[in-house]
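Here is a friendly walk through the aromatic side chains of this protein. Have the model open as you read.

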Amino acid sequence: MNNEQQGSKGYLFGIVLVAVLGGLLFGYDTAVISGAEKGLQAFFMGASDFTYTDATHGFTCSSALIGCIIGSALSGFLATNLGRKRSLILAGVLFFISALGSMKPEFLFFEPGVPTWGLLITFNIYRVIGGIGVGLASAICPMYIAEVAPSNIRGTLVSWNQFAIIFGQLVVYFVNFLILGEHTNPVIESIGKGVNQVAAGSDPWTISTGWRYMFGSEAVPAGLFALLICLVPETPRYLVMIGQDSKALRILNRINGSVRGKDILQEIKDTITEKTEKLFTYGVLVIFVGIMLSVFQQAVGINAVLYYAPRIFADMGMDKPMVQTVIMGVVNILFTLVAIFTVEKWGRKPLLITGSIGMAIGAFGVALTFGNASMSMVTMLSIMVYSASFMMSWGPICWVLIAEIFPNTIRGAAVAIAVAFQWIFNWIVSSSFVPMFNMHLTPGDHFGHWFTYGLYGVICIIAALFVWRLVPETKGKTLEDMSKLWKKEK
């Protein structure tokens with residue numbers, strides 16, 4: 001009788017657990033480069049047919065982002081035509097191919113262990129393939145979870161996807177640490193004009209082998225994800241869209257109970273009159289809000305902090321920047337949990353506005369104290385406040401809103417556009433951070449540090465105003481309610 005009334009929580013959580021593995025792979029793939037990049041750089045610096053410069057290395061380190069933009073842009077088309085489940089299987093396969101290909105790019109076409117221009121191109125192609133998987137997973141995993149979850153716990157379950165992303169990053173840091181073991185990363189010395197050399201005495205194992213194991217390690221979770229996703233059902237909302245109402249009802253009954261399952265099926269059918277509708281059927285505002293949520297999530301500058309944390313802490317004069325980076329990672333996990341356990345109590349908007357204000361305080365704190373040795377502890381605490389505020393707000397809640405604010409009939413295309421903007425601005429922020437951070441008005445001043453964090457602080461305030469004025473509260477609303485909400489706003 002209980003299952004008739006409430007459904008099976010074990011079944012629901014089992015489905016969601018498999019889906020959030022996609023989030024873990026998302027975090028794993030984007031962070032694996034941090035441990036492998038020095039060995040990879042030293043390997044390709046040994047090429048005889050081209051010079052591997054800083055600019056080339058910068059592109060190689062960020063080439064996966066190109067795939068992320070492509071994957072997220074394709075996600076709407078694939079989610080609508082292949083379905084949510086099969087699109088996630090495809091993402092898992094792409095992760096797996098990328099992991100093995102990045103580990104052994106010489107496979108079939110090149111002499112093992114000999115760096116060449118052709119090998120570098122092949123390596124980057126494998127990284128782009130993995131990026132396409134990340135782009136697909138980043139858009140479709142939250143969509144999948146939102147479409148199977150009951151409305152009263154949907155925000156919490158989608159927030160677990162963000163936790164999985166951060167956890168995936170921590171897992172790969174630990175895996176890279178274990179792979180490195182007693183070995184050391186090579187020391188890279190600049191010889192001017194963006195050209196470097198490997199310092200004498202650098203560990204040859206990390207140059208020839210270590211970075212390969214780091215990339216290859218992703219094949220284990222990728223293969224597991226691709227297999228497990230085959231065992232979960234397609235989302236009920238997609239099944240209704242393709243006319244498979246009986247299958248949709250069986251799944252809804254198992255998740256929500258048979259009484260509520262029938263009601264939800266009718267609500268879905270009432271809002272899905274055709275497979276898809278034109279993107280602007282519900283007006284421009286809903287698309288604008290979705291895009292700007294993605295833009296602000298990146299424009300507040302968080303990935304500049306996450307990607308370059310050791311560099312930032314080193315520039316602050318910290319003796320052990322990796323220790324501060326690990327501490328920040330633990331803080332990030334804890335504050336992501338804050339969002340998970342409060343999103344259904346406090347709502348989406350209060351968390352986003354509170355987080356924006358917290359981030360602004362942290363960013364302005366860094367801007368005002370950076371470079372002052374007597375206030376280095378205040379600077380470090382300000383960065384922690386900035387990062388923690390993001391993790392309890394824009395990190396998970398942006399994904400929750402993107403997964404739920406769009407009406408059923410445009411969700412696939414609208415999510416794809418919003419997430420593509422997220423990856424575009426991720427690349428803009430990540431690539432602009434170092435030049436901005438290193439700007440000087442006079443030799444040795446800290447103008448770039450002040451300007452960069454001051455700019456991020458201003459953007460945080462604008463983000464808070466945007467949420468206050470334009471973003472609807474979706475706590476407790478069904479996905480079908482979104483159609484009514486945006487028709488009123490139109």
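Trp160 and Phe163 are three residues apart in helix α6 (residues 154-180), so about one helical turn separates them; helices here are DSSP runs of H or I with at least four residues, numbered from the N terminus. Trp160 counts as partly exposed at 28% relative accessibility, while Phe163 is buried at 17%. Buried means under 20% relative accessible area, exposed over 50%, and partly exposed in between (1.4 Å probe, protein chains only).

This is a predicted model, in which local features need pLDDT of at least 70, side-chain atom pairs count only at pLDDT 80 or more, and totals for chains, interfaces and linings use all residues. Residues are numbered from 1 along each chain as its sequence is written, and side-chain values use heavy atoms, leaving out hydrogens and water.

The structure holds 21 aromatic pairs. Rings of Phe, Tyr and Trp (its six-membered ring) pair if their centres lie within 6.5 Å; planes under 30 degrees apart count as stacked, over 60 as edge-to-face and the rest as tilted. Two of the pairs are set out here.

| Pair | Centre to centre | Angle between planes | Type |
|---|---|---|---|
| Phe26 and Trp399 | 6.1 Å | 85° | edge-to-face |
| Trp160 and Phe163 | 5.2 Å | 75° | edge-to-face |

Phe26 belongs to helix α2 (residues 9-44) and Trp399 to helix α18 (residues 394-404), so their pair ties together parts that are 373 residues apart in sequence. Both Phe26 and Trp399 are buried.

One aromatic cluster includes Phe43, Trp117 and Trp211.

Technical notes: Helices (H or I, at least four residues) and strands (E, at least two) are DSSP runs, numbered from the N terminus.
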